[in-house]
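Hi! I've jotted down some notes to go with this one. Have the viewer open while you read, and look up each spot as we get to it.

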Amino acid sequence: MSASEAQPTPRSVDAVVVGAGFSGMYLLHQLREQGLSVVVFEAGTDVGGTWYWNRYPGARVDVESLAYSYSFSPDLEQEYQWEERYPTQPEILKYARHVADRFDLRRDIVFRTRVTAATWEEDAGTWLVRTEHGDAVNARFFVMATGCLSASKMPEIPGLESFKGATYHTAHWPHEGVDFTGKRVALIGTGSSGVQSIPVIAEQAADLTVFQRTPAYSLPARNRPLRPDEIAERKASYRAYRQAQRESAAGIPVTVPTKSALEVSDAERDVIYEAAWESGSLVNLLSTFTDLATDQAANDTAKRWIHRKIHEIVKDPEVADDLCPDYPVGTKRPCLDTGYYETWNRPDVHLVNLRRTPLVEITEKGVRTAEREYEADIIVYATGFDAMTGALTNVDIRGRDGVSLKETWQAGPRTYLGLGSAGFPNMFMITGPGSPSVLSNMVVSIEQHVDWVAGVIRHLDTEGLRTIEATPQAQDDWVAHVNEIAGYTLYPKANSWYMGANVPGKPRVFMPYAGGVGAYRKRCDEVAAKGYEGFALTV
Ligand SMILES: Cc1cc2nc3c(=O)[nH]c(=O)nc-3n(C[C@H](O)[C@H](O)[C@H](O)COP(=O)(O)OP(=O)(O)OC[C@H]3O[C@@H](n4cnc5c(N)ncnc54)[C@H](O)[C@@H]3O)c2cc1C
């Protein structure tokens, strides 16, 4: 069945899943295997989620393909042929489509359909889920597989509508692509999407002006085609590798550091940082020493080292200065790039530091800062997402007594394990706030959550139970634990989207769980083993 064929929407199912990215696809497969009837609603016209929407030039994953892939089907692992170390967006989308075909997923996915509201109906003990097309579906279980980075964000500046040229957001890139040849391009934002797209756009455009509020730390990806021998080796050892992923801190096995950055000589430290830089792996960089995430002085050694690297590559010292971040390494999402810093040596690429000359407005002709107007033919917004909570609160979710999720979370998201929220029975979130999510290789975290949710539904059905809901006490304790762990780290020191700092008015709360994928999984397994401790289960 093609993605564009319209499927009739059923009136009543066991489970409604929102989103057909990696989360929704695997959840659909798992729940169907358990004999449940499932309908998935997806706003896009095909599967793939992030990799369906983010088609900007240079878009790539920064976890290696042989690690950023499903583990639930050994046959799939063996038969699929990845091409590159860090696959491009088209390659990942191809993989998602292959999975959809292979497991015949599309027949239960309703595409081009945004879910607008979901209400818990106490008497029926079911969710009533409504879509933008006026469909209403009843379901015993309601799962938001809507992604941490799917609610895109435009900057809050006046005049967005006045620009006469073409505008694009990296997360809604046209399927047919954009031709920058001969164009003057203004690009706003230097997070991952900006860092990946700037070198590619610079190659094509006549002139590129980049507007930067906060610089990123970026490491050269050293991407390359995968060698047949390394593919064969991984395929031969996949089971052990997957287990190591699950037990690791970030869903990517690394050599665990044993030394503090402060206990080695400057020369020794330089060698270690250089090796991480050469490896083209973010986790290698972040795992060089035991205390980069927790100790300011230790982190400063990495910061100084990277600043030096930037100055070695970028020839204009003022531009290099502007590209050097002032926050601790790793506390905002670091980037992997291909030729990012080198691009700043091109005469046709210009940096505008918005900290010095703030953005004032978008005009008919381009972008105006406090200093001057920059004329452009095209504006690219690489301004990211209302991360982690945006896609959840965009849906009018009403739990017990009509209580709104959005209002309940006004001071910041409150969940138990990032899986459920008190007052919202039989509703689950995949990689919700309060779980490792964006601090991990997300496919590993997605699979763990999907397996856990599938397990709890199996448990309810086997035991003849009707509802499950996080208790307020367990939720309070978990929120306190998430904050306590974040408090041991340097994460809260950066104005990052982890903290909600990129969205004006959003509460500053560190949203993901920083305790590590392995420890977190253990906790979730223990909760399940103790009869879903911290959840109230009813008949
Ligand atoms: C540019 C970019 C680069 C990334 N790089 C990495 C990386 O290197 N490593 C990594 O681990 N992760 C990375 N991520 C995170 C990535 O989002 C996850 O790895 C993963 O793809 C998430 O899958 P998902 O299914 O949970 O969510 P998504 O892929 O975001 O899918 C959610 C889907 O839900 C749909 N949806 C949302 N709301 C509604 C609604 N109300 N109604 C209907 N449909 C709805 C959306 O259309 C979307 O298709 C990146 C994200 C981005 C944006």
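Predicted model: local features only at pLDDT ≥ 70, side-chain atom pairs only at ≥ 80, totals over all residues.

1. E42 has a polar side-chain atom 2.7 Å from an oxygen atom of the ligand. W53 also puts a polar side-chain atom by an oxygen atom of the ligand, at 2.9 Å. How much of the ligand does the protein cover? On its own the ligand has 970 Å² of accessible area, and the protein covers 96% of that.

2. Helix 15 is mostly covered, with 16 of its 22 residues buried. Just after helix 15 comes G464, which takes a positive phi of about 70°.

3. Next, helix 16, which runs over residues 472–487. From first C-alpha to last, this 16-residue helix reaches 22 Å, close to the 22 Å expected at 1.5 Å a residue. Its buried residues are A474, Q475, W478, V479, H481, V482, I485 and A486. Looking down the axis of helix 16, you'll find these buried residues within an arc of 160°, so they line one face of the helix. Here's a handy rule: an α-helix has 3.6 residues a turn, so residues three or four places apart point the same way. What do the buried residues of helix 16 pack against? Their partners are strand 19 (467–470) and helix 17 (517–529). On the other side of helix 16, P472, Q473 and G487 are exposed.

4. Follow the chain into the loop between helix 16 and helix 17, and you'll come to A514. Buried, exposed or partly exposed? A514 has 22% relative accessibility, so it counts as partly exposed; the cut-off for buried is under 20%. Not counting residues up to four places away in sequence, A514 touches L439, I485, T489 and Y491.

5. Now try S404, in the loop between strand 17 (396–398) and helix 14 (405–408). S404 counts as buried because its relative accessibility is 5%. A polar atom of the S404 side chain lies 3.0 Å from the backbone nitrogen of E407. Setting aside neighbours within four places in sequence, S404 is in contact with I397, R398 and F424. Sequence and space tell separate stories here: S404 and A118 are 286 residues apart in sequence, with their C-alpha atoms 9.9 Å apart in space.

6. Last stop: S281, in the loop between helix 8 (266–279) and helix 9 (282–286). At 8% relative accessibility, S281 is under the cut-off and so counts as buried. Leaving aside neighbours within four places in sequence, its contacts are R85, Y86, L219 and A276.

Terms used: Residues numbered from 1 in each chain as written. Heavy atoms only, no water. Helix = DSSP H or I, 4+ residues; strand = E, 2+ residues; numbered from the N terminus. Expected span 1.5 Å × (residues − 1). Buried < 20%, exposed > 50% of the residue type's maximum accessible area, 1.4 Å probe, protein only. Arc of directions from axis to C-beta. Contact = heavy atoms within 4.5 Å. Polar contact = N/O pair within 3.5 Å; in protein donor to acceptor, adjacent residues only side chain to side chain. Areas by Shrake-Rupley, 256 points an atom, 1.4 Å probe, with all protein chains shown as cover.
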